[in-house]
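Open the model in your viewer and keep the selection tool ready. This tour tells you what to select next and what is there.

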Amino acid sequence: MKNEKKSPIPRATAKRLSIYYRIFKRFHAGNIEKASSKEIAEAIGIDSATVRRDFSYFGELGRRGFGYDVKKLMDFFADILNDNSITNVMLVGVGNMGRALLHYRFHERNKMKIVMAFEADNHPSVGTIDENVPIYGISEIEEKIKEANAQTAILTVPSTKAQEVANVLVAAGVKGILSFSPVNLSVPKDVVVQYVDLTSELQTLLYFMRKG
């Protein structure tokens, strides 16, 4: 099995990688050793041609007519998603959304762990601990993330503060930001931003409901 990708991976394919990983983990837990592209597609809700096309970007992951080795593919996706070691994540913004994320047990589902949170220096939460996660003032971020070896941040601040806080994160050495603010952030080319827009997702859902 070749682990080298043959060509740049489309964004749509990249967004499905964690879903494939979850499906193979589920198959493995169910003692399923082999799975066809049709079975994988049905488990996700897409067509089998899309599965085969997605997998083609990573070389020969299986042989036609033989199906895919569940254990090997589970390990393969764990490797490319860096789920073989704990990834320390920081949370910036401890409002309602931030609190909900603090209580979501990432590390029990995948090897991602929120190890610290940040708020404005004068915020009443600063200096407290929630779900074993210490909450610091934003002015301490550069020092604290070096201690925790963290380069990934979840951003849950008001839209009006998103760019300002993103600038602070980038200056502190953050290389990846998951933003819940519906504002396009301006960051250097070596910093990756992924957006989660719940309003947009809900509107898309309602559109397809009406269309159906």
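**Start with the strands**

Select β3 and strand β4 (residues 112-119): they pair in the parallel sense over six bridges. Strands pair if DSSP finds at least two bridges between them. Helices (H or I, at least four residues) and strands (E, at least two) are DSSP runs, numbered from the N terminus.

This is a predicted model: local features need pLDDT of at least 70, side-chain atom pairs count only at pLDDT 80 or more, and totals for chains, interfaces and linings use all residues. Residues are numbered from 1 along each chain as its sequence is written, and side-chain values use heavy atoms, leaving out hydrogens and water.

Now click Met-90; its bridge partner in β4 is Met-116.

**On to helix α8**

Select residues 159-172, the 14 residues of α8. Step past the end of α8 to Gly-173, where phi is positive, near 105°.

**Finish with two helices**

Select α2 (residues 37-44) and α3 (residues 48-56), which pack at an angle of about 110° with axes 8 Å apart. They are therefore roughly perpendicular (65 to 115 degrees) to each other. Show the contact (heavy atoms within 4.5 Å): its residues include Ile-40 of α2 and Phe-55 of α3.

Terms used: The expected span of a helix is 1.5 Å times one less than its number of residues. Axes are lines fitted to C-alpha atoms, for helices over the stretch in contact, and angles run from 0 to 180 degrees between N-to-C directions. Angles under 35 degrees count as roughly parallel, over 145 as roughly antiparallel, 65 to 115 as roughly perpendicular and the rest as oblique.
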